[in-house]
Amino acid sequence: MTKTDILMTGPMLPSVIESLDQAFVLHRLWEQADRAAYLAEIGPRIRGLATSTMTGRADAALINRLPNLEIISSFGVGYDNVDVAEAAKRSIIVTNTPDVLNEEVADLTIGLLLATLRQIPQADRYLRAGRWLKASFPLSPTLRGRKVGIVGLGRIGKAIAKRLEGFDVAIAYHGRTQQEDMAYAYHPSLVGLAEASDVLIVITPGGASTRHLINAEVLEAIGPSGILINVARGSVVDQQALIEALRAGTILSAGLDVFDDEPRVPQELIDMEHVVLLPHIASGSVHTRRAMGQLVVDNLTSWFSGNGPLTAVAETPYPIRST
C-alpha cells in the first residue's frame, strides 16, 4: 500500500518523528535549504501537515502551496500558529492537543505564582551568592488573604482554580460568557476583574482577538500590590506596557512563562530582579510533551484511517466536507 505524504514544518520530539516516519512518507521542511523549490516539488503530494506552536507556522502562504492538504495536526493546545480561517475556507481540518497538558500547566502556574510572590528564585540566588552569611533574606509578600482573578476559565483555567481552592483564597474569573455551573464570581469586564483582584492569572487563547488584552488600563487596575501571572501567550499582554508598569511600581511583580517574540526576551525584563521569568515550560515535562506528541500522531493516523480527527478545533468541526 502506498504511504500518504506528510509535511512537518519544524523538528518535534524524536518519538513523533519516528512514529510518523513509520506510518507515512514524512517530509522535513526545516531541513531544506530552498524551501520554495522543495514545496513546488512535493507540495501537490502533501495531504497532512504536522506543525508546532514552538517550531513552525502554518500560515496562508504555506497552506496554499499544498493544494491537496486535508488536515493540519498542531502540537499544543493553542493554535495561533495556524491560519485557521484559511484552513476552514479550504475545508481543511485543524487539530490541537488539548486536555493532555491541563494538569501540568496548572501545576506550573501555581508554582510560578508561589515563586513570584515568595521570591523563591531570588532567595536561591541570595543563598548561592553567600549573602545569607551576612543577613537573612528580606521578608516576602504572601498569598494569604489575596483575591485571585483568572482570565479565561477554560479547561486549564478550571484546573488552576481547583488547585487554588486548596490555598483558601477568593477566586473570580472573566471570560466571554458566564458559566452557570461555576461557583466563582464572574466579572463581565476585564478591568472589573482586575480591580477586584490582586493576583491576575492569564490563561486565555492567543490570536488577534486577545492581542494586548492585558493593557496599561488593566495593569493599573490590578494595583501596586498586584501580581500578573501569564501562562497563556505573550501576545495577550502588552509587553511594553507591562515593562513600564513594573518600572513605575504600578504593579508589584510578574511571573511570565511566555513572551511576545519568543525566545527573545526584552533585556528590560531580564534586568528586573523582582520578576520571575521562565522559558515557556508550562507543559514542559517529559510525560506531558510525549502525550502531546502522541496526540499529533494519533490525529493524523485516525484521519487517514478513515476514522476522522480526534481533537478538531472549533473553527474546523468535523465533518465539514460535502459527500
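Predicted model: local features only at pLDDT ≥ 70, side-chain atom pairs only at ≥ 80, totals over all residues.
Good morning. The stretch comes from a UniProt annotation in an unreviewed entry, which assigns residues 110-282 to the "domain: D-isomer specific 2-hydroxyacid dehydrogenase NAD-binding".

I turn now to the sheet. Seven strands make up an open sheet with parallel pairing, and their order is β8-β7-β6-β9-β10-β11-β12. Which strands stand at the edges? They are β8, residues 185-186, and β12, residues 276-277; each has a single partner strand, so one side of each is left without a neighbour in the sheet.

Strand β7, residues 170-174, runs parallel to β8 and is joined to it by two bridges. Here Y173 has Y186 of β8 as its bridge partner.

On to β6. Five bridges connect β6 with β7, again in parallel, and K147 stands opposite A170 of β7.

What lies across β6? Helix α7, residues 155-165, lies across β6 (147-151), β7 and β9 (199-202), and its direction is at about 170° to that of β6. Is β6 mostly covered or mostly open? Strand β6 is mostly covered, with four of its five residues buried.

To close, I return to the strand order on the screen: β8-β7-β6-β9-β10-β11-β12. Thank you.

Definitions and conventions:
Residues numbered from 1 in each chain as written. Heavy atoms only, no water. UniProt positions renumbered as here; feature names shortened; annotations may be inferred. Pairing = 2+ DSSP bridges. Contact = heavy atoms within 4.5 Å. Axes fitted to C-alpha atoms, helices over the stretch in contact; angles between N-to-C directions. Buried < 20%, exposed > 50% of the residue type's maximum accessible area, 1.4 Å probe, protein only.
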